[in-house]
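This briefing gathers what can be said about one structure, grouped by topic. Please read each point with the coordinates open alongside.

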Amino acid sequence: MIRFEHVTKRYADGTTAVDDLSFEVAEGELVTLVGPSGCGKTTTMKMVNRLIEPTSGRILLDGADIASADPVELRRRIGYVIQQVGLFPHRTVLDNTATVPHLLGRPRKQARDRAAELLELVGLDPSVYGDRYPDQLSGGQRQRVGVARALAADPPVLLMDEPFGAVDPVVREHLQTEFRTLQERLRKTVLFVTHDIEEAVRLGDRIAVYGQGGIEQFDPPATVLGAPATPYVADFVGADRGLKRLSVTPVEAGDLVQPPVVRLGDSLSRAEERMAAEDARWAVVLDAAGDLHGWLPRDVTDDSRSTAGGGTAAAAGTVREHARRMEAWLPVGAPLKQAFSTMLQHDAGWIAVLDGDRFLGVLTPARLHEALRRSIDADANAVAREAVTLETVPGA
Ligand SMILES: Nc1ncnc2c1ncn2[C@@H]1O[C@H](COP(=O)(O)OP(=O)(O)OP(=O)(O)O)[C@@H](O)[C@H]1O
């Protein structure tokens with residue numbers, strides 16, 4: 001969709017901002033460009049909508065060289081979101097969002113209807129915010145208007161230059177999550193510039209890690225974190241990259257353990273048989289609808305035996321009377337980080353994993369650790385030996 005072929009940009013003062021850059025972004029893919037200040041990310045991005053012209057090389061959009069495209073027509077196909085959103089201060093939020101469709105010749109009413117839809121899409125109720133002016137919004141809300149406005153002409157391509165850079169970390173994480181969800185629906189082709197590796201990891205289908213003037217590694221987040229291609233990348237992604245990996249490694253069905261499963265309405269003696277048969281110390285309890293209710297410890301069934309019978313009597317009552325509540329669950333495919341955080345939040349030694357409504361099994365801390373190891377090992381096997389050695393030698 002977007003293809004850079006040996007692109008170099010040298011500014012008039014001799015600064016080489018981008019040096020012989022070649023890479024490709026697939027249709028519907030979100031690529032984050034990450035790297036320290038001054039490494040050429042913004043220059044790369046602005047060459048795509050021809051705010052900056054390359055010194056040499058070619059950039060193709062859908063197979064056509066953009067150098068021969070009319071810049072105005074080109075920019076119509078490319079949404080652009082920047083940190084300083086650049087909203088018109090004397091126009092309402094709705095008018096700001098409707099500007100582009102209106103400029104494209106849509107009747108005013110239609111442009112405003114479309115703008116209202118887009119505000120809704122980015123989480124701003126148009127009946128509440130539509131008539132406000134930009135200075136009556138929070139920083140996060142202004143950024144949302146910026147995203148809505150960039151989407152207004154329904155461009156297939158979005159360029160985003162530190163769009164969430166000016167808001168506080170909590171709002172920022174919120175915007176990132178929302179944008180990711182939005183992108184899953186819209187499937188735009190996105191180039192997203194950031195200097196924040198966390199943001200790059202959270203959002204990118206692939207990450208381009210910039211060194212000076214060029215890309216040092218271009219891979220999915222899990223690979224960049226698990227197998228940095230060079231010592232520079234290892235250093236840039238940080239010593240805690242194992243922790244960052246939790247965000248990009250999904251819980252899989254194979255990671256789960258299978259404790260016995262009993263229903264609220266089952267008799268305790270039946271529950272005991274199940275646990276005894278599998279030599280388990282506890283069972284997962286589901287309600288009649290198959291939803292997670294909690295768990296049943298084995299010792300409850302021990303306690304409820306009639307001692308008069310010399311320990312041979314069956315446990316009395318039903319699971320319902322003895323089950324303990326535990327409602328921590330996750331959808332399969334959720335990142336390990338979410339699993340870990342759910343465990344902490346519920347102070348739980350395990351959490352249930354569901355596929356839709358179906359109970360799949362439980363994740364324990366030991367299995368979470370194994371899942372993390374599995375993904376690191378998979379990447380370590382894939383990386384060149386030399387890179388691993390360099391990366392693990394202190395001071396290398
Ligand atoms: N108009 C210009 N004239 C000369 N040099 C420039 C110009 N614009 C950018 N540069 C230089 O080109 C290099 C790359 O700049 P660029 O803005 O692309 O980097 P960046 O990675 O986006 O940085 P930041 O994260 O700080 O925005 C820098 O050394 C910068 O000083």
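L292 is found in strand 13, which covers residues 292–297, and this is a predicted model. With 21 C-beta neighbours inside 10 Å, L292 counts as buried, because 20 or more such neighbours are what burial requires.

**Around L292**

- Once residues up to four places away in sequence are set aside, L292 touches L286, E327, W329, A352 and F359.
- L292 and F340 are separated by 48 residues in sequence, and their C-alpha atoms lie 19 Å apart in space.

**The protein as a whole**

- The protein has 17 helices and 17 strands, and buried residues make up 37% of its 396 residues.
- Among contacts between residues at least 6 apart in sequence, 63% join residues that are at least 24 apart.
- The domain assignment gives domain 1 as residues 2–245 and domain 2 as residues 253–371, and the C-alpha centres of domain 1 and domain 2 lie 45 Å apart.

**Nonpolar cores**

- In soluble globular proteins, nonpolar side chains tend to be buried together.
- The largest nonpolar core here has 66 residues, and those with the most contacts inside this core are L159, L191, F192 and V209.
- Apart from that core lies another, of 29 residues, which includes M275, L286, L330 and V353.

- Strand 6, residues 78–82, is mostly covered, with 4 of its 5 residues buried.
- Strand 6 and strand 7 (residues 157–161) run parallel and are joined by 5 bridges; in this pairing I78 stands opposite V157 of strand 7.
- G79 has its place in strand 6 and counts as buried, because 24 C-beta neighbours lie inside 10 Å of it.
- Leaving aside neighbours within four places in sequence, G79 is in contact with A150, L151, P155, V157 and L158.
- Between the C-alpha atoms of G79 and V209 there is a separation of 23 Å, and along the chain these two residues are 130 residues apart.

**Strand 1 and its partners**

- Strand 1 (residues 2–10) pairs with strand 2 in the antiparallel sense over 6 bridges, and within this pairing R3 stands opposite E24 in strand 2.
- Strand 1 and strand 2 form a hairpin with 5 residues between them, and G14, in the turn, has a positive phi of about 95 degrees.
- Strand 1 is also joined by 5 bridges to strand 4 (residues 56–61), with the two strands running antiparallel, and the bridge partner of E5 in strand 4 is R58.

**Positive phi outside glycine**

- H6, which is found in strand 1, has a phi near 50 degrees, a positive value in a residue other than glycine.
- H6 counts as exposed, because there are 12 C-beta neighbours inside 10 Å and the limit for exposure is 12 or fewer.
- D20, whose place is in strand 2 (residues 16–25), likewise has a positive phi, of about 50 degrees, although it is not a glycine.

**The shell around the ligand**

- There are 13 residues around the ligand, and of these Y11, A17, S37, T42 and T43 come nearest.
- By class, the shell around the ligand is made up of 3 nonpolar, 8 polar and 2 charged residues.
- Helix 1, residues 41–48, supplies the largest share of the shell around the ligand, with 3 residues.

Key
Residues numbered from 1 in each chain as written. Predicted model: local features only at pLDDT ≥ 70, side-chain atom pairs only at ≥ 80, totals over all residues. Core = buried A, V, L, I, M, F, W, Y, C linked by C-beta atoms within 7 Å. Domains from an automatic or database assignment. Near = placed C-beta within 6 Å. Nonpolar A, V, L, I, M, F, W, Y, C, P; charged D, E, K, R; others polar. Pairing = 2+ DSSP bridges. Contact = placed C-beta atoms within 7 Å.
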